[in-house]
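This report covers the helix packing, the nonpolar core, the backbone exceptions and the aromatic contacts of one model.

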Amino acid sequence: MADTWVRREEDAEVVEELSLWMLADSSHTNGVLGANRLLLQAGAAGAKPHYHRQSAEAFYVLGGTLEMLVDSSLISVGKGGYVVVPPGVHHAFGAAAGDLADLFITLTPGIERFEYFRLLPKVLRGELPEQQLTEIHERYDVHFVDSPAWDAARALIRGAGIPAADAQR
């Protein structure tokens with residue numbers, strides 16, 4: 001079992017501010033993948049538009065409804081749905097208005113990202129200088145892009161009185 005990784009729920013490190021369970025990092029899987037579980041409250045933003053140069057990102061919806069931007073298309077995926085976003089494809093995600101999104105997310109090949117998730121609350125609170133943010137995003141292969149379509153879609157949620165948790169990952 002030297003190459004097998006087992007993480008039980010009670011043993012997972014949790015980033016409470018994000019409702020994020022860190023399940024497997026690249027070093028746990030010999031670089032094959034990274035995995036986490038993310039629970040977004042109703043209407044909450046998950047991640048603003050970005051892409052990964054090196055890895056594909058896959059989303060399995062455990063419960064609720066996930067709204068996503070994939071390139072320029074807006075899609076909605078309910079419980080049991082699965083989305084795989086190839087490297088280089090712009091994407092963003094959040095919970096649908098009035099519904100949570102409980103997600104199992106994998107990144108393959110794996111990139112060490114647990115430290116990124118540990119830093120993320122400080123990033124979201126604006127506690128890190130811009131130069132450090134640039135270095136962090138480059139190191140963890142998270143490259144942000146602008147998307148007026150996504151901004152407009154999330155503004156509708158905020159306009160409906162749903163807290164969109166503007167602190168996006």
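## Aromatic pairs

Tyrosine 82 is exposed, at 54% relative accessibility. The model is a predicted one. Tyrosine 60 is partly exposed, with a relative accessible area of 32%.

The model holds four aromatic pairs. In one of them, the ring centres of tyrosine 60 and tyrosine 82 are 6.5 Å apart and the planes meet at 55°, so the pair counts as tilted. Because tyrosine 60 belongs to strand S5 and tyrosine 82 to strand S7, this pair ties together parts that are 22 residues apart in sequence. Elsewhere, Tyr116, Phe117 and Tyr140 make up one aromatic cluster.

## Charges over rings

Arginine 37 lies over the face of tryptophan 21, 5.0 Å from the ring centre. Lysine 48 lies over the face of phenylalanine 144, with 4.5 Å to the ring centre.

## Helix H1 and its surroundings

Helix H1 spans residues 114-124, and its buried residues are Phe114, Tyr116, Phe117, Leu119, Leu120, Pro121 and Val123. Their cover includes strands S1 (13-15), S2 (20-24), S3 (34-40) and S10 (143-144), together with helix H2 (130-139). After H1 comes glycine 126, with a positive phi near 75°.

## The largest nonpolar core

The largest nonpolar core has 32 residues, among which Leu40, Phe93 and Leu103 touch the most other members. At least two residues each come from S2, S3, S5 (56-70), S7 (82-85), S8 (91-95), S9 (101-108), H1 and H2. H1 contributes the most to this core, with six residues. In soluble globular proteins, nonpolar side chains tend to be buried together.

## Backbone exceptions

Most residues other than glycine have a negative phi, and most peptide bonds are trans. Aspartate 71, though not a glycine, has a positive phi of about 55°. The loop between S5 and strand S6 (73-78) holds aspartate 71, and this residue is partly exposed at 46% relative accessibility.

Aspartate 141 also has a positive phi, near 55°, in a residue other than glycine. Its place is the loop between H2 and S10. Is aspartate 141 buried or exposed? With a relative accessible area of 2%, aspartate 141 is buried, because the limit for that class is under 20%.

The peptide bond from threonine 108 to proline 109 is cis, its omega being near -5°. Proline 109 is located in the loop between S9 and H1.

Key
Residues numbered from 1 in each chain as written. Predicted model: local features only at pLDDT ≥ 70, side-chain atom pairs only at ≥ 80, totals over all residues. Heavy atoms only, no water. Buried < 20%, exposed > 50% of the residue type's maximum accessible area, 1.4 Å probe, protein only. Helix = DSSP H or I, 4+ residues; strand = E, 2+ residues; numbered from the N terminus. Contact = heavy atoms within 4.5 Å. Core = buried A, V, L, I, M, F, W, Y, C linked by side-chain atoms within 4.5 Å. Phe/Tyr/Trp six-rings, centres within 6.5 Å; stacked < 30°, edge-to-face > 60°. Lys NZ or Arg CZ within 6 Å of the ring centre and 35° of its normal.
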